[in-house]
Amino acid sequence: MRRKWMLSLALVLASGVSGYLGWSGYALALPVAIAFPALWSTAQSRQTAGLVAVAYFLAASRGLPQGVAAFYQSDVWPGLILWLAASSGFVFVHSVLWSPRRDSWNALRYSIAMIVMAVPPFGIVGWAHPLSSTLYIMQRSKVLVSSA
């Protein structure tokens, strides 16, 4: 029991670090955000998977409350409410699609989660999407060819 609890704590902390470093504003740190899917799929329970998603998203979007306050020249409370509402959508999607089975369907379930988080209504608040960091890295390494 203690080992399972320690593993869950380690996954949540690693997910928070992944979100914090990956979305720190430094382009070279973006690859760290790619660790989130692996951490999410390693979770031993739905509750742990939800906590992993919470840690990642709250850490990745930590600047949102101050950004909303600065943009609307208001108090920080509207930003905190938006921050928590957006993270609840992210956590909901990832908690629902997580499964305790360790099979080849894990990749499909995460792919579905990525698609759901890329389109409205959840996609509107999906600014810490791990796919964004992947696309940026691919573009910078000239893997993607842009038509200009």
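Biologist: What share of the residues in the protein chain is buried?
Modeller: This is a predicted model, and in it buried residues make up 36% of the 148 residues in the protein chain.

Biologist: OK, and how many residues are in the largest nonpolar core?
Modeller: That core has 22 residues. Phe 36, Trp 40, Val 52, Tyr 56 and Phe 90 are the ones with the most contacts inside it.

Biologist: Which helices each supply at least two residues of this core?
Modeller: Those are α2 (35-42), α3 (46-60), α5 (77-97) and α6 (105-116). The largest share, six residues, comes from α3.

Biologist: Switching topic: how many helices and strands are there?
Modeller: Seven helices and zero strands. Along the sequence, the pattern reads α-α-α-α-α-α-α.

Biologist: And what about contacts between residues at least 6 apart in sequence, how many of those join residues at least 24 apart?
Modeller: In the protein chain, 62% of them do.

Biologist: Which residues make the nonpolar surface patch?
Modeller: Trp 5, Met 6, Leu 9 and Leu 13 make a patch of about 420 Å². Leu 9 is found in helix α1, which covers residues 2-22.

Biologist: Why does Leu 9 count as partly exposed?
Modeller: Because its relative accessible area is 36%, and partly exposed runs between the 20% cut-off for buried and the 50% cut-off for exposed.

Methods
Residues are numbered from 1 along each chain as its sequence is written. This is a predicted model: local features need pLDDT of at least 70, side-chain atom pairs count only at pLDDT 80 or more; totals for chains, interfaces and linings use all residues. Side-chain values use heavy atoms; hydrogens and water are left out. Patches are made of residues with over 30% relative accessible area and no salt bridge: like charges are joined within 9 Å, nonpolar side chains (Val, Leu, Ile, Met, Phe, Trp, Tyr) within 5 Å. Accessible areas come from the Shrake-Rupley method with a 1.4 Å probe; for residues, only the protein chains shown count as cover. A salt bridge is a side-chain nitrogen of Lys or Arg within 4 Å of a carboxyl oxygen of Asp or Glu. Helices (H or I, at least four residues) and strands (E, at least two) are DSSP runs, numbered from the N terminus. Buried means under 20% relative accessible area, exposed over 50%, partly exposed in between (1.4 Å probe, protein chains only). A nonpolar core is a set of buried Ala, Val, Leu, Ile, Met, Phe, Trp, Tyr and Cys residues joined through side-chain atoms within 4.5 Å. Contact means heavy atoms within 4.5 Å.
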